[in-house]
Amino acid sequence: MRINESSKDGVVILTLSGKMMLDGKSASLHDYVKNLIKESKTKVVIDMGKITWFGSTGLGALLASYTSLKDNGGDLKVARATRKIQSVFMFTQIIKVLENYESVDEAIAAFK
Amino acid sequence: MSEQKPKQNFYLNSFNELELARKSIIKFCRFYCNNDEEVDIIEMAIFEACHNAFRYGNKRKNKSLCELRLIYGNQSIKAIVINYGKEFEVKEKESFSIEQDFLQYRNGGLGIPLIKTLMDSVKYLRKSNNMNELIIEKKLTNK
(Lines give C-alpha, C1' and ligand atoms only; values in the text may rest on other atoms or scores of the structure.)
Protein backbone atom coordinates (compact mmCIF):
# COMPACT_ATOMS: atom_id res chain seq x y z
CA MET A 1 0.00 0.00 0.00
CA ARG A 2 1.25 3.49 -0.82
CA ILE A 3 0.47 6.67 1.06
CA ASN A 4 0.56 10.00 -0.72
CA GLU A 5 0.18 13.14 1.42
CA SER A 6 -1.25 16.48 0.40
CA SER A 7 -3.18 19.20 2.20
CA LYS A 8 -6.01 21.65 1.62
CA ASP A 9 -7.70 24.17 3.94
CA GLY A 10 -5.67 22.94 6.92
CA VAL A 11 -6.73 19.34 6.37
CA VAL A 12 -4.22 16.60 5.57
CA ILE A 13 -5.29 14.31 2.74
CA LEU A 14 -3.78 10.84 2.69
CA THR A 15 -4.37 9.13 -0.62
CA LEU A 16 -3.95 5.39 -0.21
CA SER A 17 -3.37 3.02 -3.10
CA GLY A 18 -2.89 -0.71 -3.44
CA LYS A 19 -3.76 -3.51 -1.06
CA MET A 20 -4.55 -2.67 2.52
CA MET A 21 -4.09 -6.18 3.80
CA LEU A 22 -1.49 -8.42 5.43
CA ASP A 23 1.46 -7.17 3.45
CA GLY A 24 3.23 -5.87 6.52
CA LYS A 25 2.81 -2.32 5.26
CA SER A 26 -0.78 -1.44 6.12
CA ALA A 27 0.16 -0.87 9.75
CA SER A 28 2.33 1.97 8.50
CA LEU A 29 -0.85 4.02 8.05
CA HIS A 30 -1.20 4.26 11.81
CA ASP A 31 2.49 5.17 12.18
CA TYR A 32 2.03 7.79 9.49
CA VAL A 33 -0.95 9.28 11.32
CA LYS A 34 0.93 9.23 14.65
CA ASN A 35 3.68 11.28 13.02
CA LEU A 36 1.08 13.75 11.74
CA ILE A 37 -0.23 14.10 15.31
CA LYS A 38 3.31 14.90 16.51
CA GLU A 39 3.30 17.75 13.97
CA SER A 40 -0.09 18.89 15.36
CA LYS A 41 -1.85 17.87 12.16
CA THR A 42 -4.99 16.27 13.49
CA LYS A 43 -7.59 16.82 10.77
CA VAL A 44 -7.16 14.01 8.30
CA VAL A 45 -9.06 12.77 5.25
CA ILE A 46 -8.24 9.34 3.94
CA ASP A 47 -8.93 8.94 0.25
CA MET A 48 -9.65 5.25 -0.31
CA GLY A 49 -10.58 5.45 -3.97
CA LYS A 50 -7.43 3.63 -5.10
CA ILE A 51 -7.52 0.82 -2.54
CA THR A 52 -7.69 -2.49 -4.38
CA TRP A 53 -8.10 -4.72 -1.35
CA PHE A 54 -9.30 -4.08 2.17
CA GLY A 55 -9.32 -6.61 5.00
CA SER A 56 -8.92 -6.84 8.75
CA THR A 57 -5.42 -5.36 8.67
CA GLY A 58 -6.64 -2.30 6.81
CA LEU A 59 -9.65 -2.06 9.06
CA GLY A 60 -7.42 -2.19 12.13
CA ALA A 61 -5.06 0.46 10.74
CA LEU A 62 -7.98 2.73 9.95
CA LEU A 63 -9.58 2.33 13.39
CA ALA A 64 -6.29 2.76 15.23
CA SER A 65 -5.69 5.96 13.24
CA TYR A 66 -9.20 7.19 14.02
CA THR A 67 -8.77 6.50 17.75
CA SER A 68 -5.36 8.21 17.91
CA LEU A 69 -6.68 11.32 16.15
CA LYS A 70 -9.76 11.48 18.39
CA ASP A 71 -7.60 11.06 21.50
CA ASN A 72 -5.62 14.09 20.36
CA GLY A 73 -8.57 16.34 19.63
CA GLY A 74 -8.66 15.65 15.93
CA ASP A 75 -10.82 13.67 13.56
CA LEU A 76 -10.63 11.32 10.61
CA LYS A 77 -12.93 11.26 7.63
CA VAL A 78 -13.00 8.82 4.76
CA ALA A 79 -13.59 9.67 1.12
CA ARG A 80 -14.32 7.58 -1.96
CA ALA A 81 -14.56 4.21 -0.21
CA THR A 82 -15.51 1.50 -2.69
CA ARG A 83 -18.76 -0.45 -2.44
CA LYS A 84 -16.98 -3.37 -0.77
CA ILE A 85 -15.30 -1.16 1.80
CA GLN A 86 -18.61 0.54 2.51
CA SER A 87 -20.16 -2.90 3.07
CA VAL A 88 -17.48 -3.65 5.69
CA PHE A 89 -18.18 -0.27 7.34
CA MET A 90 -21.87 -1.09 7.45
CA PHE A 91 -21.58 -4.66 8.77
CA THR A 92 -19.05 -3.69 11.45
CA GLN A 93 -21.07 -0.56 12.36
CA ILE A 94 -17.96 1.52 11.71
CA ILE A 95 -20.20 3.76 9.66
CA LYS A 96 -21.40 5.10 13.05
CA VAL A 97 -18.03 6.76 13.60
CA LEU A 98 -16.43 6.88 10.15
CA GLU A 99 -18.65 8.47 7.59
CA ASN A 100 -17.72 8.04 3.96
CA TYR A 101 -17.90 11.03 1.63
CA GLU A 102 -18.27 10.77 -2.12
CA SER A 103 -15.37 13.15 -2.76
CA VAL A 104 -12.30 14.43 -0.94
CA ASP A 105 -13.67 17.98 -1.15
CA GLU A 106 -16.90 16.92 0.59
CA ALA A 107 -14.87 15.24 3.35
CA ILE A 108 -12.77 18.40 3.80
CA ALA A 109 -15.93 20.53 3.93
CA ALA A 110 -17.27 18.31 6.73
CA PHE A 111 -14.49 19.63 9.00
CA LYS A 112 -15.88 23.17 8.79
CA MET B 1 -28.84 -23.38 -14.46
CA SER B 2 -27.59 -25.05 -17.61
CA GLU B 3 -24.11 -23.56 -17.49
CA GLN B 4 -21.21 -25.65 -16.26
CA LYS B 5 -20.83 -25.85 -12.50
CA PRO B 6 -18.05 -23.59 -11.24
CA LYS B 7 -14.89 -24.82 -9.60
CA GLN B 8 -15.32 -25.73 -5.92
CA ASN B 9 -11.91 -26.77 -4.64
CA PHE B 10 -8.79 -24.65 -4.53
CA TYR B 11 -5.29 -25.61 -3.39
CA LEU B 12 -3.42 -22.41 -2.66
CA ASN B 13 0.16 -21.68 -1.67
CA SER B 14 0.45 -17.93 -1.91
CA PHE B 15 -1.43 -14.65 -1.92
CA ASN B 16 -0.81 -14.46 -5.67
CA GLU B 17 -2.49 -17.83 -6.19
CA LEU B 18 -5.45 -16.59 -4.15
CA GLU B 19 -5.61 -13.49 -6.37
CA LEU B 20 -5.61 -15.75 -9.44
CA ALA B 21 -8.44 -17.80 -7.90
CA ARG B 22 -10.54 -14.69 -7.24
CA LYS B 23 -12.47 -14.89 -10.54
CA SER B 24 -13.34 -18.54 -9.93
CA ILE B 25 -14.44 -17.81 -6.34
CA ILE B 26 -16.67 -14.98 -7.54
CA LYS B 27 -17.98 -17.16 -10.37
CA PHE B 28 -18.99 -19.81 -7.81
CA CYS B 29 -20.80 -17.24 -5.69
CA ARG B 30 -22.55 -15.68 -8.69
CA PHE B 31 -23.69 -19.11 -9.89
CA TYR B 32 -25.95 -19.31 -6.82
CA CYS B 33 -26.39 -15.70 -5.81
CA ASN B 34 -27.57 -12.73 -7.88
CA ASN B 35 -27.18 -10.17 -5.12
CA ASP B 36 -23.95 -8.22 -5.76
CA GLU B 37 -23.61 -7.10 -2.15
CA GLU B 38 -23.88 -10.65 -0.84
CA VAL B 39 -21.29 -11.84 -3.34
CA ASP B 40 -18.97 -9.02 -2.20
CA ILE B 41 -19.43 -9.98 1.45
CA ILE B 42 -18.80 -13.69 0.86
CA GLU B 43 -15.76 -12.93 -1.30
CA MET B 44 -14.29 -10.65 1.38
CA ALA B 45 -14.88 -13.20 4.15
CA ILE B 46 -13.29 -15.99 2.09
CA PHE B 47 -10.28 -13.82 1.29
CA GLU B 48 -9.91 -12.84 4.94
CA ALA B 49 -10.05 -16.49 6.01
CA CYS B 50 -7.52 -17.53 3.37
CA HIS B 51 -5.19 -14.68 4.29
CA ASN B 52 -5.32 -15.81 7.91
CA ALA B 53 -4.55 -19.35 6.75
CA PHE B 54 -1.50 -18.14 4.80
CA ARG B 55 -0.34 -15.87 7.58
CA TYR B 56 -0.45 -18.43 10.38
CA GLY B 57 -0.05 -21.68 8.46
CA ASN B 58 2.96 -23.86 7.78
CA LYS B 59 3.72 -25.66 4.55
CA ARG B 60 3.41 -29.45 4.84
CA LYS B 61 4.86 -32.01 2.47
CA ASN B 62 2.37 -32.87 -0.29
CA LYS B 63 -0.14 -30.37 1.15
CA SER B 64 -1.01 -26.89 -0.01
CA LEU B 65 -0.61 -24.02 2.43
CA CYS B 66 -4.35 -23.41 2.28
CA GLU B 67 -7.17 -25.56 0.97
CA LEU B 68 -10.46 -23.88 0.13
CA ARG B 69 -13.67 -25.81 -0.52
CA LEU B 70 -16.83 -24.04 -1.62
CA ILE B 71 -20.19 -25.71 -1.08
CA TYR B 72 -23.73 -24.66 -1.91
CA GLY B 73 -26.71 -26.10 -0.08
CA ASN B 74 -29.87 -25.08 1.78
CA GLN B 75 -29.81 -21.62 0.20
CA SER B 76 -26.38 -21.01 1.71
CA ILE B 77 -22.82 -20.74 0.52
CA LYS B 78 -20.34 -22.43 2.78
CA ALA B 79 -16.56 -22.08 2.57
CA ILE B 80 -14.22 -24.47 4.32
CA VAL B 81 -10.69 -23.16 4.77
CA ILE B 82 -8.06 -25.64 5.91
CA ASN B 83 -4.48 -24.99 6.92
CA TYR B 84 -1.84 -26.50 9.19
CA GLY B 85 -0.07 -24.68 11.97
CA LYS B 86 -0.73 -22.46 14.94
CA GLU B 87 -4.14 -22.70 16.55
CA PHE B 88 -6.42 -19.77 15.71
CA GLU B 89 -7.54 -17.45 18.47
CA VAL B 90 -11.27 -17.61 17.98
CA LYS B 91 -13.25 -15.51 20.41
CA GLU B 92 -16.38 -17.26 21.61
CA LYS B 93 -18.43 -14.12 21.10
CA GLU B 94 -20.94 -14.41 18.29
CA SER B 95 -21.37 -10.72 17.69
CA PHE B 96 -19.05 -7.76 17.91
CA SER B 97 -19.70 -4.09 18.50
CA ILE B 98 -17.90 -1.01 17.29
CA GLU B 99 -17.33 0.34 20.81
CA GLN B 100 -16.35 -2.85 22.65
CA ASP B 101 -14.43 -4.64 19.94
CA PHE B 102 -13.44 -2.82 16.79
CA LEU B 103 -12.44 0.49 18.41
CA GLN B 104 -10.42 -1.40 21.02
CA TYR B 105 -8.18 -2.73 18.28
CA ARG B 106 -4.50 -2.23 18.87
CA ASN B 107 -2.39 -4.97 17.34
CA GLY B 108 -4.06 -7.65 15.28
CA GLY B 109 -6.83 -10.06 16.02
CA LEU B 110 -9.57 -8.49 13.92
CA GLY B 111 -9.70 -11.27 11.29
CA ILE B 112 -12.15 -13.62 13.00
CA PRO B 113 -14.37 -10.80 14.37
CA LEU B 114 -14.55 -9.36 10.86
CA ILE B 115 -15.47 -12.74 9.35
CA LYS B 116 -18.09 -13.35 12.08
CA THR B 117 -19.56 -9.93 11.39
CA LEU B 118 -19.76 -10.55 7.64
CA MET B 119 -21.04 -14.13 7.71
CA ASP B 120 -24.02 -15.85 9.40
CA SER B 121 -22.06 -18.72 10.87
CA VAL B 122 -18.40 -19.33 11.69
CA LYS B 123 -17.19 -22.63 13.10
CA TYR B 124 -13.62 -23.41 13.99
CA LEU B 125 -12.31 -26.94 14.41
CA ARG B 126 -8.85 -27.75 15.67
CA LYS B 127 -7.95 -31.21 14.39
CA SER B 128 -5.05 -33.61 14.75
CA ASN B 129 -1.71 -32.89 13.04
CA ASN B 130 -2.13 -29.17 13.79
CA MET B 131 -4.90 -28.92 11.26
CA ASN B 132 -7.18 -25.89 11.42
CA GLU B 133 -10.58 -25.97 9.75
CA LEU B 134 -12.61 -22.80 9.52
CA ILE B 135 -16.16 -23.23 8.22
CA ILE B 136 -17.93 -20.03 7.28
CA GLU B 137 -21.46 -19.82 5.97
CA LYS B 138 -23.77 -17.18 4.55
CA LYS B 139 -27.46 -17.61 3.86
CA LEU B 140 -28.50 -16.23 0.50
CA THR B 141 -31.54 -14.04 0.11
CA ASN B 142 -32.22 -14.90 -3.52
CA LYS B 143 -32.82 -17.88 -5.87
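Colleague: In what order do the elements of chain B run from the N terminus on?
Modeller: Chain B reads β-α-α-β-β-α-β-β, starting at its N terminus. That comes to 3 helices and 5 strands, where helices (H or I, at least four residues) and strands (E, at least two) are DSSP runs numbered from the N terminus. This is a predicted model: local features need pLDDT of at least 70, side-chain atom pairs count only at pLDDT 80 or more, and totals for chains, interfaces and linings use all residues. Residues are numbered from 1 along each chain as its sequence is written, while chains are lettered from A and ligands numbered from 1 in the order in which they are written.

Colleague: How do H1(B) and H2(B) cross?
Modeller: The axes (lines fitted to C-alpha atoms over the stretch in contact, with angles from 0 to 180 degrees between N-to-C directions) of helix H1 (residues 15-32) and H2 of chain B come within 10 Å and cross at roughly 150°. H1(B) and H2(B) are therefore roughly antiparallel (over 145 degrees) to each other.

Colleague: Which residues make the contact?
Modeller: H1(B) contributes B:Phe15, B:Leu18, B:Ile25, B:Ile26, B:Cys29 and B:Arg30, and the H2(B) residues include B:Ile46, B:Phe47 and B:Cys50. Contact requires C-beta atoms, placed from the backbone, within 7 Å.

Colleague: And which residues touch the most other members of the largest nonpolar core?
Modeller: B:Ala45, B:Ala49 and B:Cys50 do, in a core of 70 residues. Its largest share, 10 residues, comes from helix H2 (residues 36-56) of chain B. Such a core is a set of buried Ala, Val, Leu, Ile, Met, Phe, Trp, Tyr and Cys residues joined through C-beta atoms within 7 Å; buried requires 20 or more other C-beta atoms within 10 Å.

Colleague: What is B:Ala49 in contact with, leaving aside its neighbours within four places in sequence?
Modeller: B:Ala49 contacts B:Ala79, B:Val81, B:Ile115, B:Leu134 and B:Ile136.

Colleague: Turning to chain A, in what order do the strands form the sheet?
Modeller: The 5 strands follow the order S1-S2-S3-S4-S5 in an open sheet of mixed pairing; two strands pair if DSSP finds at least two bridges between them. Strand S1 (2-8) and strand S5 (100-101) of chain A are at the edges with a single partner strand each, so one side of each is left without a neighbour in the sheet.

Colleague: How do S3 and S4 of chain A run?
Modeller: Strand S3 (residues 43-54) and strand S4 (residues 75-79) of chain A run parallel, joined by 5 bridges. A:Val44 stands opposite A:Leu76 in S4(A).

Colleague: Is A:Met20 buried or exposed?
Modeller: A:Met20, in strand S2 of chain A, is buried, because 25 other C-beta atoms lie within 10 Å.

Terms used. A residue is buried if 20 or more other C-beta atoms lie within 10 Å of its own, exposed if 12 or fewer, and partly exposed in between; C-beta atoms are placed from the backbone. Two residues are in contact if their C-beta atoms, placed from the backbone, lie within 7 Å. Angles under 35 degrees count as roughly parallel, over 145 as roughly antiparallel, 65 to 115 as roughly perpendicular and the rest as oblique.
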